[in-house]
Amino acid sequence: MNNKRTKLIVIIVAAAAILVGAIALNIIMNGETDNELNPSASPDQGASVGVQADAVNYFVQYRAEREERRALEIEILNAIISNEATDAETMADAQEQLMEIVDCMEKEQTIEDLLKAKGFNDSAVTFHYGSVNVIIDCDELTTEQIAQILDIVRRETGEPAGNIKVSPKG
């Protein structure tokens, strides 16, 4: 039994190292400047073009990194679940974690879609049981907008308002 746990720990540590390496490589490779995003832009052009490109890049990059992390987490959990040496308790825990990840992914996507449908340009949502972070593509939010966002998030996640943080990207 101890040998099985040792193997499992080695697998998890190796997977975590791969995850950290993948994130670092992604950050290094995606270190784009405004000129790389729009090479034809002259330095004299309005700052709003660069700001819009930064915002779009932030949300696109955030979602890509989130998907990459989640795919690796799912891969690790599936490896644990399919490993014949995995004991029943560890397998049940891995299956529960896998279901939580899928549930979180669904809630994040639903909230982002609903916010877009309500007229917000873009958003990045991170949901974990007990904590929700929402970043909105804007410079500032009105009290009414915050109330609208909180209503959507509370309805979709069941989390109380005290567990939800809403921030403008600006």
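This is a predicted model: local features need pLDDT of at least 70, side-chain atom pairs count only at pLDDT 80 or more; totals for chains, interfaces and linings use all residues.
**Whole chain.** Start with everything shown. The protein chain has five helices and three strands. Along the sequence they follow the pattern α-α-α-α-β-β-α-β. Of the 170 residues, 31% are buried. Among contacts with a separation of 6 or more, 64% link residues 24 or more positions apart.

**Helix α4.** Select residues 88-117. This helix has 30 residues and spans 43 Å from first C-alpha to last, close to the expected 44 Å. Go to its N-terminal end. Asp87 caps α4 there, with a side-chain oxygen 3.1 Å from the backbone nitrogen of Glu89. Now move past the other end. Gly119 follows α4 and has a positive phi, near 105°.

Show side chains along the helix. Which residues of α4 are buried? They include Ala94, Leu98, Ile101, Ile111 and Leu115. Lys107, Glu108 and Glu112 are also among the buried residues.

**The sheet.** α4 lies across β1 and β2, and runs at about 150° to β1. The three strands form an open, mixed sheet in the order β1-β2-β3. At the edges are β1 (123-128) and β3 (164-168), each pairing on one side only. Neighbouring strands are turned by 10° against each other on average, direction ignored.

**The β2-β3 pair.** Select residues 131-136, strand β2. It runs parallel to β3, joined to it by five bridges. Finish on Val134, which stands opposite Val166 in β3.

Key
Residues are numbered from 1 along each chain as its sequence is written. Side-chain values use heavy atoms; hydrogens and water are left out. Helices (H or I, at least four residues) and strands (E, at least two) are DSSP runs, numbered from the N terminus. The expected span of a helix is 1.5 Å times one less than its number of residues. Buried means under 20% relative accessible area, exposed over 50%, partly exposed in between (1.4 Å probe, protein chains only). A polar contact is a pair of N or O atoms within 3.5 Å; within protein, one must be able to donate a hydrogen and the other to accept it, and residues adjacent in sequence count only if both atoms are side-chain atoms. Contact means heavy atoms within 4.5 Å. Two strands pair if DSSP finds at least two bridges between them. Axes are lines fitted to C-alpha atoms, for helices over the stretch in contact, and angles run from 0 to 180 degrees between N-to-C directions.
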